Amino acid sequence: MKTKLSIIGTIFLTFLITASAAKPAIKNNQDVRLYTLDCGSVTVHDIAPFSSTGAYPHESAQFSTPCFLIKDSKGWLLWDLGMGEQYLGRTVEDTKHGVSITAKKSLIQQLKVLGLSPNDIRFVGLSHAHFDHTGNASLFPNAVWLIEEQEYAYANRSPLPSSVDSTTAITLKPYHKILLKGNYDVFGDGKVEILYTPGHTPGHASLEIHLPHTGVVILSGDLYHMRKSYVLKQIPSFNTDPAQTKASMEKVDAILKNSKGRLVIQHDASDIAALPQIPNYLD
Ligand SMILES: [Zn+2]
């Protein structure tokens, strides 16, 4: 009986070794980590425009504006840049956008906690060009910048779209950029993919990450701004293209469904609070 069991055990073990040898990508996946950094917050004084069908009352909400660091065996990707260092330790009233802006933590200091400096960041990816996603752009002149071609054109439009900071195009101009034409596999290993999800802006993007234990995580960009927008499928009245937004929502929903993935809504403070804080990470 014991011998029979050990034979079965050996066969099973052989099967396991064979199976794992056939799928080396799973082992390599151990290298991928997702760190969440606090890059400020904005208080939106009136969330009614975040629905084009009048689903939201005229009330305020606090939005997180995080940055994310993704560690792959081939380097570091910084995804989105939050609010700039000029908001550190103070609250600034932005009447043009109807928001109050503040930042408690320095991005540089948070990188330091992880033993990193800006020059260690190989890629910087932008979900889109709005001011609350581009704040620290001047800190990364040596990175390779990943931005959808249409979004870069949007940031260079004249007149400038109201939510794009006037310094962004000037800052990005001399940088090494890869202008994307759709989805993009960042490290070429299938683990971190920029998803073209236009509609909020013409070249808006989300980020799909394959983590070894958690599985698939998608960082929303501004495909949704609040958890209730995801549940109710609300499209902001100020999005550049509602039909594109709907198609992008369906694209992300299909990936989430097929992969049993987790969606992180970047501006939803509860979604961000549920993630590990540095130096801890999701893997
Ligand atoms: Zn936006």
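This is a predicted model: local features need pLDDT of at least 70, side-chain atom pairs count only at pLDDT 80 or more; totals for chains, interfaces and linings use all residues.

Visitor: How far apart are the end C-alpha atoms of helix H7?

Guide: Helices are DSSP runs of H or I with at least four residues, strands are runs of E with at least two, and both are numbered from the N terminus. The expected span is 1.5 Å times one less than the number of residues. For the 18 residues of H7 (residues 242–259) that gives 26 Å, which agrees with the separation of the end C-alpha atoms, 26 Å.

Visitor: Within what arc do the buried residues of H7 fall?

Guide: In H7, the buried residues are Thr245, Ser248, Met249 and Val252. Seen down the helix axis, they line one face of H7, because the arc, taken from the directions from the axis to the C-beta atoms, is within 105°.

Visitor: Which strands are included in what covers the buried residues of H7?

Guide: Cover is judged here by contact, that is, by C-beta atoms placed from the backbone that lie within 7 Å. By that criterion, the cover over the buried residues of H7 includes strand S12 (192–196), strand S13 (205–211) and strand S14 (215–219).

Visitor: Is Asn239 buried or exposed?

Guide: Asn239 sits in the loop between helix H6 (227–232) and H7. Leaving aside residues up to four places away in sequence, Asn239 touches Gly199, His200 and Thr245. With 22 other C-beta atoms within 10 Å, Asn239 is buried.

Visitor: What is the strand order of the open sheet of 4 strands?

Guide: Two strands count as paired if DSSP finds at least two bridges between them. Strand S2 (residues 41–44) and strand S7 (residues 99–102) pair in the antiparallel sense over 4 bridges, and S6 and S7 also pair in the antiparallel sense over 4 bridges. The open sheet, with antiparallel pairing, has the order S3-S2-S7-S6.

Visitor: Which residues form the covered face of S7?

Guide: In a regular strand the side chains alternate between the two faces of the sheet. Within S7, Ser100 and Thr102 make up the uncovered face. Ile101 is the bridge partner of Val42, and Val92 also stands opposite Ile101, while Val44 stands opposite Val99. The covered face of S7 is Val99 and Ile101.

Visitor: Which residues in the largest nonpolar core touch the most other members?

Guide: A nonpolar core is a set of buried Ala, Val, Leu, Ile, Met, Phe, Trp, Tyr and Cys residues joined through C-beta atoms within 7 Å. Leu34, for instance, touches Phe68, Ile70, Ile209, Leu211, Val217, Tyr281 and Leu282, not counting residues up to four places away in sequence. Of the 61 residues in the largest core, those that touch the most other members are Leu34, Phe68, Ile70, Ile209 and Val217.

Technical notes. Residues are numbered from 1 along each chain as its sequence is written. A residue is buried if 20 or more other C-beta atoms lie within 10 Å of its own, exposed if 12 or fewer, and partly exposed in between; C-beta atoms are placed from the backbone. Two residues are in contact if their C-beta atoms, placed from the backbone, lie within 7 Å.
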